[in-house]
Amino acid sequence: MLRSIFATTARQVAFVVGIATISSNLLVLSVWIALAPGSVLPGSVRALVAEVVAVTETLRALPPEYQPAMIAAVAQSMQWHIAPLGAEEPAGRADHVLNRALRERVKERGLSIAHAVMAPDGSSRHGVVISLRPADSPALSVSIGAERMRDVIPSMLLPPATIGLLLGVPLLLVLLWMASRITRPLARLADAAGGVSAAGHGLRLPEGGTSEVRALARAINGLLERLRHDVAERSRILAGISHDLRTPLTRLRLRVEGMQEQDLRQSLRADLHRMESIITASLTLLEAELREEPHEPLDIASLAQTVCDEHADAGHDASYHGPAHLVLRAQPGALQRALTNLVDNACKHAGAARVSITEAPGQVSILVEDDGPGIAPTDLPLVTEAFRRGDASSAGSGLGLAIATSVARAHGGRLELHNRAAGGLCATLHLPRLDAA
Amino acid sequence: MDATATKLDRLHIAVVEDDREIAVLISSILTTEGHSVTRASRAAQIERLLGEQHVDLLLLDRMLPDGDGLELCRRLRASPRTARLPVIIISALGSEMQRVGGLDGGADDYLVKPFAPEELLARIRAVLRRARGPGEAARHDVIFITEGLRFEPRRRALHGPDGARIMLTTTEIALLGLFLQHPQAVLTRDHIAASLHGRQLPALDRTIDVAVSRLRRKIERDGQRYIETVRNSGYVFAAPVQTIEAG
C-alpha cells in the first residue's frame with residue numbers, strides 16, 4: 001500500500017517537500033505563539049475587542065449623569081446597545097476566540113473586568129452580546145449587531161488543530177503537481193528509451209529538462225549512436241557475405257546442371273545444397289540478431305496453423321490444436337521461421353509434430369511436441385547454441401534451434417526444451433504478452 | 001489451358017545480371033527451353049532495350065554496377081509502357097525484409113540466389129500465369145478490402161478486422177487473391193486448379209476443397225460466411241470486395 005503510494009519519484013519529492021514545509025511552518029508558529037501569544041489572533045478580532053474595552057473604560061470614567069447620553073450616542077453612531085446586566089449571563093453560544101482576545105486586552109490594560117462573549121444566534125456573525133462585570137462598577141452588556149460583526153473575520157479562521165492539517169492537502173496537491181512536472185522529463189525519457197527497439201533506427205531522445213536529465217539523454221543518445229553504427233556495420237557485412245558467397249555458389253549450382261556425369265552431378269548437387277542451407281541458416285541467424293523486422297499485431301494461431309499446413313502439404317504429419325485466433329505483437333516473418341525450424345526438427349527426428357498454444361497471464365506459449373527419441377539431458381543446454389548439434393551426424397545446418405532461440409529473445413521471450421515424461425521432445429516458445437489488450 | 005501453355009513456349013526474356021558467367025548460364029537454361037534471351041549488365045542498357053523491343057519478362061539482379069535493381073524496378077513500374085511488364089528479381093540478398101522490400105518495389109517475384117534451374121523456370125511460369133491469367137486483373141499494386149479484411153497481394157499480407165496479421169500458406173494466398181479478384185463469381189474447382197497449379201487435377205482430388213476449408217477457418221469468424229459452396233460446381237466469394245490502389 002505505502003509502496004504503491006510512493007511508487008513515483010514525483011510523489012516522494014512532493015511528500016518530502018510537503019513534510020518539510022508543514023513542519024517548518026509548525027515550528028515558526030510555535031515559536032511565534034511562545035513569544036507573542038496574543039498576536040496569533042486575527043487583527044479584526046483584536047480591533048473589535050479594543051473598541052469594546054475603550055468604550056467601556058470611557059463610560060466608567062464618566063460621571064453617572066452623563067452615562068445615559070453616552071450610551072445613547074454609542075447606540076446612535078455605532079449601533080451598540082449597552083444595557084445594565086443582571087446576575088445571569090446572556091443566553092447563547094460562547095465565542096472562545098473573542099473571549100480570549102478580550103481576556104488578553106483586559107490583562108494588557110491592567111483592568112479587572114470579568115467578561116463573556118455570547119452569540120445568541122449560535123453564530124458570532126449574526127451578532128454577539130458581551131457581558132462585562134467590572135469589580136468596582138455595575139455589570140453591563142454590550143450587544144453588537146450583525147453589521148459590525150461582518151467586518152470581524154469569523155472565529156473559524158483560527159481553526160482547531162485538525163482543520164489546520166486540512167490546509168496541508170491543497171498544498172500537497174500543488175506540490176505533487178510541481179514535483180511531477182520536475183520528474184516528467186525523466187518519465188518521458190524512459191518512455192522514449194523504451195520505444196527505441198520498436199521504432200528502429202534514426203530515433204534520438206530529446207535532450208531537454210534539467211542538467212541531469214539532459215546528461216542522461218545525451219548518454220543514451222551516444223549509446224544509440226554506437227548501437228546504430230554497429231547494426232549498420234553488421235548489415236553491411238551481412239549483405240557482403242550474402243553476395244560474395246552466393247554469387248560463386250550460383251555459378252557452381254548452374255554449372256553443375258550442365259555436367260554429363262550423372263553420379264558426380266548428384267553428389268555435387270548434394271554438397272552444394274548443404275553449403276547453401278548452412279549459408280542461409282547463418283544469415284538467418286544474423287538477421288534474427290539484427291531484429292530489423294517491425295513488430296505488428298499477429299494472429300499466432302493462424303501462424304501455427306500455416307506452419308503445420310505447409311508441413312502437411314509437404315507430406316509430413318504435422319497438426320495444430322489450439323485456439324482459432326490469438327493476437328500478439330510479433331515479427332511475423334521471424335516467428336514463422338522459428339516455428340518452422342521447430343516443426344522441421346520434430347518431423348525430421350520423430351516423423352510427426354503436434355503444435356499447440358497455451359495462454360497464461362502475461363504470457364503465450366507455443367508448444368511443439370513429438371514422440372521421437374528426445375535429446376540426451378547432457379546435450380539439452382547445448383543444442384540451442386549455434387553450430388552445436390545433439391547428433392553430430394544428422395543433416396541440417398545445426399542452426400535451427402539457435403535461430404529459434406534468437407527469435408524468442410527478440411520477442412522478449414525464450415525457447416525451452418525438455419524431454420516429455422511420455423517420451424519425445426517438447427520445444428516451447430514462451431512469448432510475453434506486451435500489449436495488455 | 002493448352003493455349004496458355006503454348007504461349008509460354010516462345011518468350012523474349014531480358015536478363016539483367018552483372019556477373020557475366022551467371023548471365024550466360026541463365027541464358028543457356030532459357031534458350032534450351034526455347035526462349036530468346038537478351039542480356040544486359042547495366043540498368044541503363046536495359047532501359048534502352050525496353051524502349052526499342054518488346055520484352056515478355058525481365059529477370060533483374062538487385063545489385064547492379066550502376067545502381068540498385070530495386071530503383072530500376074520502381075522506375076519501370078512508374079512508366080506506363082513498362083508498368084505491366086512481369087519482373088522477377090534475382091538476388092543474393094535473401095532476408096525477409098529484403099524480399100518484402102523487393103515485392104514492395106513492384107517485382108512480381110523474388111528469387112534468392114543460388115537457385116536450381118527448375119526453380120527459375122517454375123517461377124517464370126507462375127509469374128506469367130498470373131500476368132496473363134483469367135481476368136488479367138492479377139495486378140499487384142492493389143489492396144483488397146472486404147468485411148474488415150485487408151489483403152495486400154504485393155506484400156502477400158492479410159490483416160484481420162482487429163488489424164492483426166493473419167498468416168496464410170502460399171496456396172491460401174493464391175486462392176484468396178483469386179477469390180478477391182472475382183467476387184460474387186462462381187469459380188469451378190477446375191478453374192481454381194488451373195489458376196493455382198497451372199494444371200487440371202484428377203476428378204476426385206480434394207486439394208482445392210482442403211485449401212478452401214483452411215482459408216475459411218482463418219478468415220471467417222463468429223459464424224460469418226464469406227466463401228459459399230456451390231453444389232457440384234465450385235465456390236463463390238459472396239462478400240462485397242472493395243479494390244483500392246496501393247499507395
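Author: Happy to! The expected span of a helix is 1.5 Å times one less than its number of residues. Keep in mind that this is a predicted model. Helix H3 (residues 43-61) of chain A has 19 residues and reaches 27 Å from its first C-alpha to its last, close to the 27 Å expected.

Reader: What makes the buried residues of H3(A) line one face of the helix?

Author: The buried residues are A:Val45, A:Leu48, A:Val49, A:Val52, A:Val53 and A:Thr56. Seen down the helix axis, they fall within an arc of 130 degrees, so they line one face of H3(A). As background, an α-helix has 3.6 residues a turn, so residues three or four places apart point the same way. The face turned away from the buried side of H3(A) carries the exposed residues A:Gly43, A:Ala54, A:Thr58 and A:Ala61.

Reader: And which elements do the buried residues of H3(A) pack against?

Author: They pack against helix H5 (96-109), strand E4 (128-134) and strand E5 (140-144) of chain A.

Reader: Why is H12(A) called mostly covered?

Author: A residue is buried if 20 or more other C-beta atoms lie within 10 Å of its own. In H12(A), eleven of its 14 residues are buried, hence "mostly covered". Among them are A:Ile300, A:Ala304, A:Asp309 and A:His311. Just after H12(A), A:Gly315 takes a positive phi of about 95 degrees.

Reader: How do you know that E6(A) pairs with strand E11 of chain B?

Author: Two strands pair if DSSP finds at least two bridges between them. Two bridges join E6(A) to E11(B) (residues 165-166), and the strands run parallel. A:Asp299 stands opposite B:Ile166 in E11(B).

Reader: How many residues does each chain give to the contact?

Author: Chain A gives 34 residues and chain B gives 27. The largest share of the side of chain A that touches chain B, twelve residues, comes from H10(A). By class, that side of chain A has eleven nonpolar, ten polar and 13 charged residues.

Reader: What makes a set of residues a nonpolar core here?

Author: Its members are buried nonpolar residues, such as Ala, Val, Leu and Ile, joined through C-beta atoms within 7 Å. The largest such core has 69 residues, and A:Ile300, A:Ala338 and B:Leu175 are among those with the most contacts inside it. H13(A) gives the most to this core, with eight residues. Apart from it lies another core, of 32 residues, including B:Ile22 and B:Leu64.

How values were computed
Residues are numbered from 1 along each chain as its sequence is written. Chains are lettered from A and ligands numbered from 1 in the order in which they are written. This is a predicted model: local features need pLDDT of at least 70, side-chain atom pairs count only at pLDDT 80 or more; totals for chains, interfaces and linings use all residues. Two residues are in contact if their C-beta atoms, placed from the backbone, lie within 7 Å. Helices (H or I, at least four residues) and strands (E, at least two) are DSSP runs, numbered from the N terminus. Ala, Val, Leu, Ile, Met, Phe, Trp, Tyr, Cys and Pro count as nonpolar, Asp, Glu, Lys and Arg as charged, and the others, Gly among them, as polar. A residue is buried if 20 or more other C-beta atoms lie within 10 Å of its own, exposed if 12 or fewer, and partly exposed in between; C-beta atoms are placed from the backbone. The arc is that of the directions from the helix axis to the C-beta atoms.
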